Amino acid sequence: MTPFADDDRIDEGVLAKEIEFCLENGADGLCSPVMVSEFEHLSEAERKLMIRVPLEVNAGRVPFIANVAAPSTEVAVDLADYAQQCGADMVIAMQPYVVPLEFPQVVRYYQRISSAVDLPIMLQNAPFGVTPLSLEQIETLFQEVENITWVKQELNPQVVAIADLIDRRIPGLQGTMSGLGGLYLPYDFKLGASGTIHACQFCDVVSAIWRLYEEGEEMKGQRLFNKFLRGVILELRHGFAFDKEIMVRRGIFKSHRVRSSASPLPPSAMEEIDDFWKYYNDVILPEL
């Protein structure tokens, strides 16, 4: 997530603390600046900052994925080139999202990104102002774009979309990621997803649930997930400000300021978060 100071600039010190928080709480990788980073509200310079600083702080400890999606091919190519220069391990990109393109143009967009870097590309398939890609179109992109090797599948219903993608057995598909804050985490695991890319305020819980499933402790994983689900519902209800408010309470962020909304969380939302935060500390935290 992008931490904003009172003057609406990115707080680099808080951002560095956020990266350390992720690493200390079980994240197997980092991804920035994506939807939860409010990337569409960042300038190109700010987007580059949100690539450079996490890479510097991470210092190669876990893989880093840089988001290079853009309204135009030229901007996406520039961001991809910058990410590679900074040391990113992969780039992720959804199709251009301001003026939807015809599919042949989408293919050329990804081909240009692929030609600009020697990095693997994760295709992000999300209904973000565009018509999502069909399975047939995804398969065509794997055939036509050399470096596409992963997919983040975020269509509704997500469980069905991920199952359909995995069942298609597309040649060259190395991994599939989910999203939605971990809403379907046990199902993602059982279907064969490689993991989930989510907001980081519950890194500890998401990582613990996934590892329990990996270790064959399905009942323990399901029990922890059932308790965690309350937090996911509040995230879906209140948006990114909720994610940031939890980070405030964890001592990482200074405010829940977001650019995607002009209003702070109302008193009623803060009361809900107060109640959940007690629940997290009393019920969820002891199981981690």
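**Ground rules.** I am reading a predicted model, where local features need pLDDT of at least 70, side-chain atom pairs count only at pLDDT 80 or more, and totals for chains, interfaces and linings use all residues. Residues are numbered from 1 along each chain as its sequence is written, and side-chain values use heavy atoms, with hydrogens and water left out.

**Overall fold.** I looked up the secondary structure and found 11 helices and 7 strands (DSSP runs: H or I of at least four residues for helices, E of at least two for strands). The radius of gyration, taken over C-alpha atoms, is 18 Å, close to the 19 Å that the globule rule gives for 288 residues, so the protein is as compact as a globular protein of that length. That rule is 2.2 Å times the number of residues to the power 0.38. I also noted that the C-alpha trace spans about 50 × 45 × 35 Å along its principal axes.

**Burial.** I checked how much is tucked away: 52% of the 288 residues count as buried, meaning under 20% relative accessible area with a 1.4 Å probe, protein chains only.

**Cores.** I then turned to nonpolar cores, which are sets of buried Ala, Val, Leu, Ile, Met, Phe, Trp, Tyr and Cys residues joined through side-chain atoms within 4.5 Å. The largest has 62 residues, and Tyr110, Ile113, Leu123, Ile138, Leu141 and Ile148 touch the most other members. I followed Ile113: leaving aside neighbours within four places in sequence, its contacts (heavy atoms within 4.5 Å) include Val68, Ala76, Val91 and Ile121. A second, separate core of 25 residues includes Phe202, Tyr213, Ile273 and Phe276.

Notes
Buried means under 20% relative accessible area, exposed over 50%, partly exposed in between (1.4 Å probe, protein chains only).
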